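Welcome! Here is a friendly walk through a protein chain, with a few stops along the way. Have the picture at hand as you read.

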Amino acid sequence: MASGRSSSLCSIWVIVLLLGFTGSSSAHLSRHFYSKSCPKVFDAVKSIVQSAVNNEKRMGASLLRLHFHDCFVNGCDGSLLLDDTSSVKGEKTAGPNNNSLRGFEVVDKIKSQLEKTCPGVVSCADILAIAARDSVKILGGPSWKVKLGRRDSKTASFAAANNSGALPSPYANLSQLKTTFQAAGLNKRDLVALSGAHTIGNARCTSFKDRIYNETNIDASFAKARQSKCPSTVGSGDNNLAPLDVQTPDTFDTAYFKNLINQKGLLHSDQVLYNNGGSTDSLVKKYSGSANTFNSHFAKAMIKMGNNKPLAGSNGEIRLNCRRPN
């Protein structure tokens with residue numbers, strides 16, 4: 001009996017060890033990852049993000065978007081931040097990112113400060129995760145406990161970032177959005193909650209031109225107002241900006257969802273979330289009427305997104321400069 005019990009215990013430990021090695025790499029992430037190696041990491045990031053957002057409210061949305069676009073392409077590994085080199089074409093100039101992403105200088109400033117206080121410790125991928133949380137909080141949104149311990153990739157993939165469907169397209173239909181989010185380990189609720197990030201920030205005319213001139217499920221006065229700064233002529237005014245949330249563009253709130261119900265979604269990919277009987281209509285209604293529910297679901301979805309295929313353990317590296325591998 002003793003021998004049998006010992007054998008059973010050994011089997012249990014083998015299973016535990018196997019689960020530890022074969023589970024998601026997100027299991028390596030921890031809220032307390034830097035508690036001893038860089039205890040003031042949160043203060044350092046928040047101080048610089050606060051200053052940047054105070055200087056320009058739009059920067060909060062820009063920093064949040066960097067984390068999104070990093071995590072959706074090969075996981076949350078900081079690859080988005082790498083500049084092109086003679087041997088590797090980075091992700092910054094891929095279609096969804098080119099002339100669109102911004103905030104890299106803020107990330108550089110954070111990294112520079114952290115390299116002074118705890119050199120070689122905090123990854124660029126983790127900086128993006130913390131800066132995204134702080135940006136949302138500063139603009140009036142929820143906070144959440146950011147899990148940390150990601151490592152930085154040593155390379156980037158222009159092809160992966162440029163791959164149709166890798167990143168959510170402003171022209172995508174609901175089915176395409178679901179597929180894109182599923183590939184990042186996110187479900188329908190996550191899709192709608194995270195789309196609520198469009199309660200802050202701007203979009204370029206080129207991304208909503210077709211909607212304001214050719215689509216019918218759009219409020220006429222809203223379309224006309226947007227047309228005033230987004231000419232129908234191809235190539236004209238393409239980089240002119242409009243707020244994604246026409247009501248409170250610099251405040252993280254539920255106005256985005258109310259806009260959808262009133263057919264004032266700026267992007268095609270926004271309005272498809274609420275389209276008279278669609279499968280996500282009920283979630284839009286729920287969030288439009290309950291800030292607490294939206295904030296709770298958004299925070300949970302952000303943590304889930306941040307767990308998407310991070311590099312951990314001995315994989316990758318801790319970059320000393322976020323723009324280039326060591």
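Let us begin with a cysteine pair: with -95° about the S-S bond, the link between C124 and C322 is left-handed. C124 sits in helix α5 and C322 in the segment after α14 (291-306), so this pair ties together parts that are 198 residues apart in sequence. The sulfur atoms of C124 and C322 are 2.1 Å apart. Please keep in mind that you are looking at a predicted model.

Are these two cysteines buried or exposed? C124 has 0% relative accessibility, so C124 counts as buried. C322 is buried as well, with a relative accessible area of 2%.

**The other disulfides**

A disulfide is a covalent bond between the sulfur atoms of two cysteines. How many does this structure hold? There are four disulfides. Counting the bonded cysteines along the chain, they follow the pattern 1-4, 2-3, 5-8, 6-7.

One of them joins C38 and C118, with sulfur atoms 1.9 Å apart. C38 belongs to the loop between α1 (2-22) and α2 (41-55), while C118 belongs to the loop between α4 (104-117) and α5 (124-138), so the pair ties together parts that are 80 residues apart in sequence. Both C38 and C118 are buried.

Another disulfide is formed by C205 and C230, whose sulfur atoms are 1.9 Å apart. With 75° about the S-S bond, the link of C205 and C230 is right-handed. This pair links distant parts of the chain, 25 residues apart: C205 is in helix α9 (residues 205-214), and C230 is in the loop between α10 (220-227) and β2 (241-243). Both C205 and C230 are buried.

**How helices pack**

Now to the helices around α4. Two packed helices are described by the angle between their axes and the distance between the axes. Here are two such pairs:

| Helix pair | Angle | Distance between axes |
|---|---|---|
| α4 and α5 | about 115° | 10 Å |
| α2 and α4 | about 150° | 10 Å |

Take α4 and α5 to start with. α4 passes α5 in a right-handed crossing. Which residues meet here? On the α4 side they are V107, I110, K111 and L114, and on the α5 side C124, I127, L128 and A131. By class, the residues of this contact of α4 with α5 are seven nonpolar, no polar and one charged.

The crossing of α2 and α4 is right-handed. From α2, the residues V41, A44, V45, I48, V49 and A52 make the contact, and from α4 the residues V106, K109, I110, Q113 and L114. The contact of α2 with α4 has nine nonpolar, one polar and one charged residues.

**Aromatic rings**

Our last stop is the aromatic residues. The structure holds ten aromatic pairs. In one of them, the rings of Y256 and F257 have their centres 5.1 Å apart and their planes at 80°, so this pair is edge-to-face. Are Y256 and F257 buried or exposed? Y256 counts as buried at 1% relative accessibility, and F257 counts as buried at 0%.

Which residues form one aromatic cluster? W144, F252, Y256, F257, Y287, F294 and F298 do.

Terms used:
Residues are numbered from 1 along each chain as its sequence is written. This is a predicted model: local features need pLDDT of at least 70, side-chain atom pairs count only at pLDDT 80 or more; totals for chains, interfaces and linings use all residues. Side-chain values use heavy atoms; hydrogens and water are left out. A disulfide is a pair of cysteine sulfur atoms within 2.5 Å. Helices (H or I, at least four residues) and strands (E, at least two) are DSSP runs, numbered from the N terminus. Buried means under 20% relative accessible area, exposed over 50%, partly exposed in between (1.4 Å probe, protein chains only). Axes are lines fitted to C-alpha atoms, for helices over the stretch in contact, and angles run from 0 to 180 degrees between N-to-C directions. A crossing is left-handed if the near helix is turned anticlockwise from the far one by less than a right angle, and right-handed if clockwise. Contact means heavy atoms within 4.5 Å. Ala, Val, Leu, Ile, Met, Phe, Trp, Tyr, Cys and Pro count as nonpolar, Asp, Glu, Lys and Arg as charged, and the others, Gly among them, as polar. Rings of Phe, Tyr and Trp (its six-membered ring) pair if their centres lie within 6.5 Å; planes under 30 degrees apart count as stacked, over 60 as edge-to-face and the rest as tilted.
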